[in-house]
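Me: I'd like to learn how to read a protein model. Can we go through one together, feature by feature?

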Amino acid sequence: MSKAFDTVNIHKLINKIHNTNIPQNIQKFIANYLKGRKAYTLYNNSKSRQRQLKTGVPQGGVLSPVLFNIYTSDIPTPPTQVQIESYADDITTLTSHSKIKEAENRLQPYLNDIYNWTQENDLQLNADKSTATLFTSHQAEYNTTLNLTINNKIIPTVKNPKIPGLHFDPKLNFNQHITQTKEKASKTINILKALTSTKWGKDKETVVATYKAITRPQIEYASTVWSPIISPTQMNKLETIQNNALRIATGCTADTNTHHLHQETLVLPVPAHLRLHASQLKEKTKLPYHPLHPLRMQPEPPRIMKRTIFQENNNYTIDIKTNSQNIELAAITNNMKQIHTEIVNQHNQNTPDNKILQTKAPDIDKSENTLPRSTRVLLAQLRTGKSPFLLTWKHKIDPTKYTSPLCPLCGANEHNTEHIFNCTHIPTTLEVADLWHNPCEVEGLLETWRGKLEPHLM
């Protein structure tokens with residue numbers, strides 16, 4: 001709709017509010033809120049005279065979406081085999097048929113009904129702003145132009161409609177949505193880079209929290225719809241974004257394996273996180289008053305369709321079996337915690353042994369939080385054996401400049417993480433595991449090494 005919030009007829013809206021079961025005193029409050037509103041224009045510090053607003057609900061007002069929903073609540077009921085889904089001024093009508101012409105014949109009369117309703121309610125239904133999309137598994141039909149009209153104007157046929165914020169495509173593989181998501185999420189990575197360097201900046205926890213606040217919401221938007229469907233290639237695109245963010249947070253080198261990044265930051269891989277997201281949402285829908293609860297009641301489709309989280313035994317979500325039909329919120333909350341624990345345990349079991357310890361990496365002692373970022377970055381690098389502090393790593397990266405990976409002090413062994421704790425020239429009682437258990441004490445050892453190695457690392 002064109003300027004939907006601005007064209008709402010205030011008097012018709014108030015009449016519709018009177019026909020609801022909203023308490024009468026609140027009805028009067030809303031009516032007074034809507035009536036008699038005035039506005040003026042400010043330009044170059046000069047004000048125009050005030051004009052009374054006779055149409056529209058306040059743009060940006062907290063109540064405006066709800067008021068608009070009330071205004072559109074009497075939109076014509078769709079006929080059999082036609083659905084309508086609406087969110088504020090975005091309305092989507094759907095139907096399904098093996099023959100395109102039959103699908104058009106189902107939709108067109110209802111589109112006419114909607115147009116007539118908008119005319120009666122002073123709303124402007126715009127054919128040029130509307131789109132039509134054909135979802136089909138037959139590639140030969142991808143370029144079909146649909147013959148659907150609004151007020152005798154053809155609705156443009158598009159392949160990638162955005163409803164709302166989610167990009168669809170004819171085959172429902174969501175490749176376009178992942179491309180758009182990657183582009184938007186990648187821009188936020190620059191903010192994380194501005195917060196840190198390997199030697200200065202915010203600590204790891206702050207950067208990870210920032211990633212969760214500004215980047216991951218871009219990645220997981222509407223993921224409960226598309227995450228069970230997309231290909232591994234598309235999922236890898238999203239993982240690349242998260243891995244870049246985690247490398248920035250930890251300061252680890254570009255060749256650090258992703259398992260180490262997840263262990264350092266306590267962040268699940270993208271596939272595991274999205275599976276957790278989907279499983280917990282499905283668990284919430286067990287509540288009878290949840291808006292998506294009816295989707296659990298749908299029968300199995302008569303033909304093979306794209307996988308959704310609401311299919312039973314879909315091999316994607318984790319389902320907690322419940323015996324009672326009257327599910328309470330406390331039980332759902334407990335089940336969601338159980339799902340979280342199970343997915344985290346599965347991730348930990350599938351994580352390979354740390355190559356330095358030759359076993360599962362333990363939790364990092366919280367005392368590390370007191371150390372400066374430069375030291376924490378070095379510790380994170382040493383825990384994976386890839387750091388500019390190590391001559392073995394420098395030799396591997398640039399063998400022409402660093403011709404030998406051997407320790408410059410003893411000359412007998414490779415200068416790697418293990419050797420830092422075993423070199424005879426710098427004896428210590430600390431062990432490799434103290435990188436995790438006693439990071440503050442390891443800092444003192446590294447200071448000793450830094451003084452000895454400085455001439456060799458120039």
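Reply: F135 is partly exposed, because its relative accessible area is 39%; buried means under 20%, exposed means over 50%, and partly exposed is in between (1.4 Å probe, protein chains only). Keep in mind that this is a predicted model, where local features need pLDDT of at least 70, side-chain atom pairs count only at pLDDT 80 or more, and totals for chains, interfaces and linings use all residues. Residues are numbered from 1 along each chain as its sequence is written, and side-chain values use heavy atoms, with hydrogens and water left out.

Me: How many aromatic pairs does a search of the whole structure find?
Reply: First the general idea: rings of Phe, Tyr and Trp (its six-membered ring) pair if their centres lie within 6.5 Å, and planes under 30 degrees apart count as stacked, over 60 as edge-to-face and the rest as tilted. Here the search finds three aromatic pairs. In one of them, F135 and F168 have ring centres 6.1 Å apart and planes at 75 degrees, so that pair is edge-to-face. It also links distant parts of the chain, 33 residues apart: F135 is in the loop between α4 (100-120) and β7 (149-150), while F168 is in the loop between β8 (153-154) and α5. Those labels come from DSSP runs, numbered from the N terminus: helices are H or I with at least four residues, strands are E with at least two.

Me: Is F168 buried or exposed?
Reply: F168 counts as buried, because its relative accessibility is 16%. F168 also forms a tilted aromatic pair with F174, 5.7 Å centre to centre and with 55 degrees between the planes. F174 is buried too, at 2% relative accessibility. Put together, F135, F168 and F174 form one aromatic cluster.

Me: What about the backbone: which value does phi of F174 have?
Reply: F174 has a positive phi of about 60 degrees, although it is not a glycine. You'll find F174 in the loop between β8 and α5. N45 is another residue other than glycine with a positive value, its phi being near 65 degrees. N45 lies in the loop between β2 (42-43) and β3 (46-47), and it is exposed, with a relative accessible area of 76%.

Me: Now the helices. At what angle do α5 and α6 pack?
Reply: The general idea is that axes are lines fitted to C-alpha atoms, for helices over the stretch in contact, and angles run from 0 to 180 degrees between N-to-C directions. Helix α5 (residues 175-195) and helix α6 (residues 204-214) pack at about 160 degrees, with axes 10 Å apart. That makes α5 roughly antiparallel to α6; angles under 35 degrees count as roughly parallel, over 145 as roughly antiparallel, 65 to 115 as roughly perpendicular and the rest as oblique.

Me: Which residues meet where α5 and α6 are in contact?
Reply: Contact means heavy atoms within 4.5 Å. On the α5 side there are T188, I191, L192 and L195, and they meet V207, T210, Y211 and I214 in α6. By class, this contact has six nonpolar, two polar and no charged residues. For the classes, Ala, Val, Leu, Ile, Met, Phe, Trp, Tyr, Cys and Pro count as nonpolar, Asp, Glu, Lys and Arg as charged, and the others, Gly among them, as polar.

Me: How do α6 and α9 cross?
Reply: The axes of α6 and helix α9 (residues 232-250) come within 8 Å and cross at roughly 155 degrees. That makes α6 roughly antiparallel to α9. From α6, K204, V207, V208 and Y211 meet Q242, A245, I248, A249 and T250 in α9. By class, that contact has six nonpolar, two polar and one charged residues.

Me: Where is T149 found, and which residues does it contact?
Reply: T149 is in strand β7, and at 17% relative accessibility T149 counts as buried. Leaving aside neighbours within four places in sequence, T149 is in contact with Q108, L111, I154 and I155.
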